[in-house]
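Open the model in your viewer and follow the stops below. Each stop names a selection and then says what is there.

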Amino acid sequence: MEIVKKVVIAGHFGVGKTSLVSRFVHQKFSDQYLTTIGVKIDKKVIELEGATVKMMLWDIAGESSAMKIPKKYLAGAHGLFYVFDLSREETYRNLDTDLFELNKSLNGNPAIVLGNKSDLVEETFIEKLHSSIATDFKITSAKSGENVEEAFLQLAKEML
Amino acid sequence: MNQPAGINTLKQLLFEEESKRYQELHEKIKDVEQKMEESLEAQKLPNAEINALMDQMMEVMPERLGPTITKTLKVQIKESRDDVVQALFPIIGQMIKKYVQQEMAVLTEKIDKQFEAALSFDHLLLRIKAFFTGVKYSELVLRGTNEPQIQEIFLIDDESGILLASYSRHKSIDQDMVAGMLTAIKAFVEDAFESGDQSLETINYDLYQIYIQNFNRFYISVVMSGVMDASFKSKLNDTILQFVKDVTIKSDQPDQSELTKKISQYFDKM
């Protein structure tokens with residue numbers, strides 16, 4: 001059985017969304033599309049629980065607020081990654097508001113929050129952040145590859 | 001001239017010394033003449049050698065100096081790109097102009113030929129066809145020069161951009177990603193121009209045209225080569241509408257292979 005799912009990757013400027021996608025897939029389209037129309041499509045096919053899952057990844061150009069993301073880019077999404085930069089507070093300061101806004105377009109579909117660039121911060125800082133932020137998040141590093149594959153597989157499972 | 005013997009004897013007596021000096025001078029001049037001739041002959045030899053050397057150099061030069069010249073030129077072009085562009089622009093511009101003129105001439109010739117043959121049986125048929133179908137005669141003639149041809153068809157979910165089915169004469173690029181990008185471009189244009197209920201209908205690129213027909217939950221995108229005239233567009237629209245009317249399309253996980261088969265059935269004959 002083959003299943004096709006649309007996955008949106010959103011977050012502030014420079015949090016590492018494109019780098020995370022690059023870690024996960026072999027890109028075919030140029031990154032220039034991101035700056036031209038604000039989105040770039042990539043594809044990753046994975047085998048999961050006896051099914052072939054085609055993940056169509058919509059890597060959306062960074063915005064300072066989720067309100068600014070064109071609604072049409074979020075439409076029909078089966079899953080979402082919200083990425084923030086662990087080393088830049090302004091990228092997760094309005095995390096709850098941004099997630100609330102994005103969830104409106106998700107129709108109950110799963111969303112996973114990723115705290116990226118774990119290679120730039122101390123372990124103790126991450127522990128403190130976990131206790132200060134109400135929303136659960138998974139730490140990743142596009143640089144070292146930490147948790148990248150796992151995050152995508154987790155979302156694929158939740159979408160099935 | 002014969003002179004009396006006395007006069008000759010007198011000459012000898014009077015000019016004996018002068019005669020001797022004259023004889024000596026004559027000998028000297030002859031000597032100088034001979035030396036000059038010899039010198040000229042000697043000069044000819046080095047010239048020949050130089051000529052031979054020049055010939056040899058000309059022969060060896062491309063092989064020996066070619067790579068160095070090419071390398072130098074490359075560096076020069078790289079370092080003064082603007083100058084090169086400025087120098088080449090008028091030439092290339094002229095070339096393009098010439099090419100376009102030539103192509104226009106070819107097209108004019110083609111059309112002329114079509115008109116010249118206007119009284120032929122085929123064209124009589126075209127005129128009858130134009131009369132009954134309502135399509136302009138000139139349009140039918142033009143259609144003959146650059147007929148439209150369907151290259152690819154994509155049936156795409158309007159919201160997610162997921163490919164529901166496709167038909168292609170030559171598969172080249174990942175169709176799932178093309179479907180996604182087409183949806184993104186469509187969404188971008190519709191969003192950027194705040195078109196409300198209006199949707200993107202055509203995208204033109206070079207000799208190709210992407211025709212988009214929007215429906216409630218999905219859209220059909222037809223990639224075509226050639227010139228799409230009004231009657232072809234009408235025929236294409238009719239076929240698309242007939243296809244949508246006859247075939248049940250479920251946006252949520254449709255049977256791709258079945259849908260692809262159906263698309264081929266409907267659009268192959270176009």
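Two strands count as paired if DSSP finds at least two bridges between them. Keep that rule in mind for the sheets. The model is predicted.

**Stop 1: the sheet of chain B**

Show chain B as a cartoon. Five strands make an open sheet, ordered β2-β1-β5-β4-β3, with antiparallel pairing. Now select residues 163-168 (β2) and 202-205 (β3) of chain B. These are the edge strands; each has a single partner, so one side of each is left without a neighbour in the sheet. On average, neighbouring strands of this sheet are turned by 15° against each other, direction ignored.

**Stop 2**

Four bridges join β3(B) to β4(B), and the two run antiparallel.

**Stop 3**

Select residues 175-192 of chain B, helix α6. This helix lies across β1 (149-157), β2, β3, β4 and β5 (218-225) of chain B. Helix α6(B) runs at about 75° to β1(B). Then select residues 256-267 of chain B, helix α8. Helix α8(B) lies across β1 and β2 of chain B, at about 40° to β2(B).

**Stop 4: where the chains meet**

Bring chain A into view. The contact takes 24 residues from chain A and 19 residues from chain B. About 1,900 Å² is buried between the two chains, and carbon and sulfur atoms give 68% of that area. How many salt bridges are there between chain B and chain A? The count is four. One to display is A:Lys72 with B:Glu190, whose closest N and O atoms are 2.7 Å apart in a salt bridge. Five residue pairs are in polar contact between chain B and chain A, both residues at pLDDT 80 or more. Colour the chain B side of the contact by residue type: nine residues are nonpolar, five polar and five charged.

**Stop 5: the sheet of chain A**

Chain A has an open sheet of six strands, ordered β2-β3-β1-β4-β5-β6, and its pairing is mixed. Select residues 39-48 (β2) and 138-139 (β6) of chain A; these edge strands each pair on one side only. Next, select helix α6 of chain A, residues 148-159. Helix α6(A) packs on the sheet, touching β1 (2-11), β2, β3 (51-60), β4 (79-85), β5 and β6 of chain A. The direction of this helix makes about 150° with that of β4(A).

**Stop 6: a salt bridge within chain A**

Over all chains the count is 14 salt bridges. Show the side chains of A:Asp85 and A:Lys117, which meet in a salt bridge at 3.2 Å, N to O. The pair links distant parts of the chain, 32 residues apart. A:Asp85 sits in strand β4 of chain A, while A:Lys117 is in the loop between β5 and α5 (123-132) of chain A.

Methods
Residues are numbered from 1 along each chain as its sequence is written. Chains are lettered from A and ligands numbered from 1 in the order in which they are written. This is a predicted model: local features need pLDDT of at least 70, side-chain atom pairs count only at pLDDT 80 or more; totals for chains, interfaces and linings use all residues. Side-chain values use heavy atoms; hydrogens and water are left out. Axes are lines fitted to C-alpha atoms, for helices over the stretch in contact, and angles run from 0 to 180 degrees between N-to-C directions. Contact means heavy atoms within 4.5 Å. Buried area is the accessible area (1.4 Å probe) that two parts lose on being put together, summed over both. A polar contact is a pair of N or O atoms within 3.5 Å; within protein, one must be able to donate a hydrogen and the other to accept it, and residues adjacent in sequence count only if both atoms are side-chain atoms. Ala, Val, Leu, Ile, Met, Phe, Trp, Tyr, Cys and Pro count as nonpolar, Asp, Glu, Lys and Arg as charged, and the others, Gly among them, as polar.
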